[in-house]
Amino acid sequence: MAASIPNVRDKSSEDSAVRKRRPGQSKSAQESDLKSNKPEEEDKRKHGTKGPAPPLQSGTFWLTRIVLLRFLAFIYFVAFLVAYHQNRELIGEKGLSPCRLYLSSVKRYVGGKINLAALSYTPTLLWFMDWTDMDANLDHIALGGLALSAFVLVAGCANMVLMFLLWLLYHSLVSVGQIWYSFGWESQLLETGFLGIFLCPLWSLQRVPPNTPPSGIVIWAFRWLIFRIMLGAGLIKIRGDQCWRDLTCMDYHYETQPVPNPLAYYMHQSPRWFHRLETLTNHFIELVVPFFVFMGRRMCALHGVLQLLFQALLILSGNLSFLNWLTMVPSVACFDDASLRFLFPSGPKGVVRQVSRIQSEECPVPTKGMLIRRAANVSVGLLIAYLSVPVLLNLLSARQIMNTSYNPLRIVNTYGAFGSITKERTEVVLQGTLSLDPSDPSALWEEYEFKCKPGGLARRPCLISPYHYRLDWLMWFAAFQTYEQNEWVIHLAGKLLANDPGALALIEHNPFLGRGPPRWLRGEHFKYKFSSLGGGHATEGRWWVRRRIGPYFPAINLTGLRGYFEARDWPHPEIQ
């Protein structure tokens, strides 16, 4: 008790000092000063520049927006980087599927004019660009996307204009990407990017724009997205392959997935009971956990944690492009500012103090601009609800379709993954020879190596996620189809016969480098399996063992391909 008396006296003396009028100051002026100082003193007490930042209240999403925008910008950056490195070779003027030919066919289909029908069928900026240099057009779109996404990633802020441009630029590529952009994650990025537009203020580039709080409607739209992604993935499995119901799919998945990574080799060797546990866990995460979103703040946050951990495990065990990274983005919307506080420093001018200050203030009187913004958010919510009707019906249907869009802008889509699991891995291996006679038993056939897909038996599986080699992924699909169903395989073979620089840029190893092009090229079909851990093949440094199935396509040469290329309006390769 005695120890507390001096503190009381000190405080009372300080108060009396404050109450003294300055020389020449009237009593009314003193009272006015005291009143004006109260908010400032209160602000310093709550948000002083010294000491730890105050805890944040739950139920607001200022910090959530910053994390969402940065994460989304990172995915955009990777997507545009992949596009910049591979578009010329895949859909460029001399690519495997030239987008100029595709746009010309669309133009003929809609009546020979670039009109609303053409834009609706293929929404892309390329309609308005000079087609004489399509490679430059594709590069400019990709470079523009790289620049904008890099800015948002570094700055941690964006406005509606920037996010709309990112969405428009990537949409312009996806719309003309044909089979090379036919994967579910392309539509998922466009839907996620569309929501990102309405997460931001119209013009401001402040990280915490005080008059534009993140819309609860948009936050729930992100949650609705992750709910549909995960539930769709779970339902397509239960309704699809029998192995998901008898819990045996994980016995095959690591070995037969499109592009395995090194960890997949070891995961495949796990005991069967572990694979059963993996399958059960997958069903729990995809069929039960999504409903946590609607069970209050704590359960929603638990949903977010479980989904982030699940996606991280998928990233570690396979090269699934940026799909799992992208799926993490809407999961972030399950956390509010109080949950994400630990990610941000508590400096005197940091965003945490700004958010704390905003939370302590009374809600401002809505301005005309704020009312317009609220109306826009409600309109977006209604649009998403309307477009979700066929998507929801698809989820409930026994004939569920995955990775489909019901509108050309791909605003709301259906999702799913691995509804069926291949039980054996087959690979197409391209081989060339300098021999004059391809049927000569003494002909030496040498193999091309792709960037990432299995080929050489001693070659370690690659690790590239979130990057993505589109050709390698489609070679996986081609292996359990025929070359007649994948005409681009023959186009690739023809280009390799000419040592075409664009085609060789998609290949890791050209066995004929410095020796001139091969005279003949063929496709061989093999069955691949992981070598047994600790077995004879593994001790010899082999990750894979293989057995020949037969020819995938017969030996071909440039002369024999001339008519094939002309019928498809492909330029005949010239030997380099």
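Reply: Buried means under 20% relative accessible area, exposed over 50%, and partly exposed in between, using a 1.4 Å probe and protein chains only. A disulfide is a pair of cysteine sulfur atoms within 2.5 Å. This is a predicted model, in which local features need pLDDT of at least 70, side-chain atom pairs count only at pLDDT 80 or more, and totals for chains, interfaces and linings use all residues. Residues are numbered from 1 along each chain as its sequence is written, and side-chain values use heavy atoms, with hydrogens and water left out.

Searching the whole structure gives 2 disulfides. One of them is between C243 and C249, with 1.7 Å between the sulfur atoms. Its link is right-handed, with 70 degrees about the S-S bond, and both C243 and C249 are buried.

Another disulfide joins C452 to C462, at 1.4 Å from S to S. The link of C452 and C462 is right-handed, with 60 degrees about the S-S bond. C452 counts as buried because its relative accessibility is 6%, and C462 is buried too, with a relative accessible area of 13%. Taking the bonded cysteines of the chain in sequence order, the pairing is 1-2, 3-4.

C334 is in no disulfide, and the nearest cysteine sulfur, that of C300, is 3.8 Å away. C334 is buried, as its relative accessible area is 4%. For C157, the closest cysteine sulfur is in C200, and the distance of 8.9 Å is too far for a bond. C157 has 7% relative accessibility, so this residue counts as buried.
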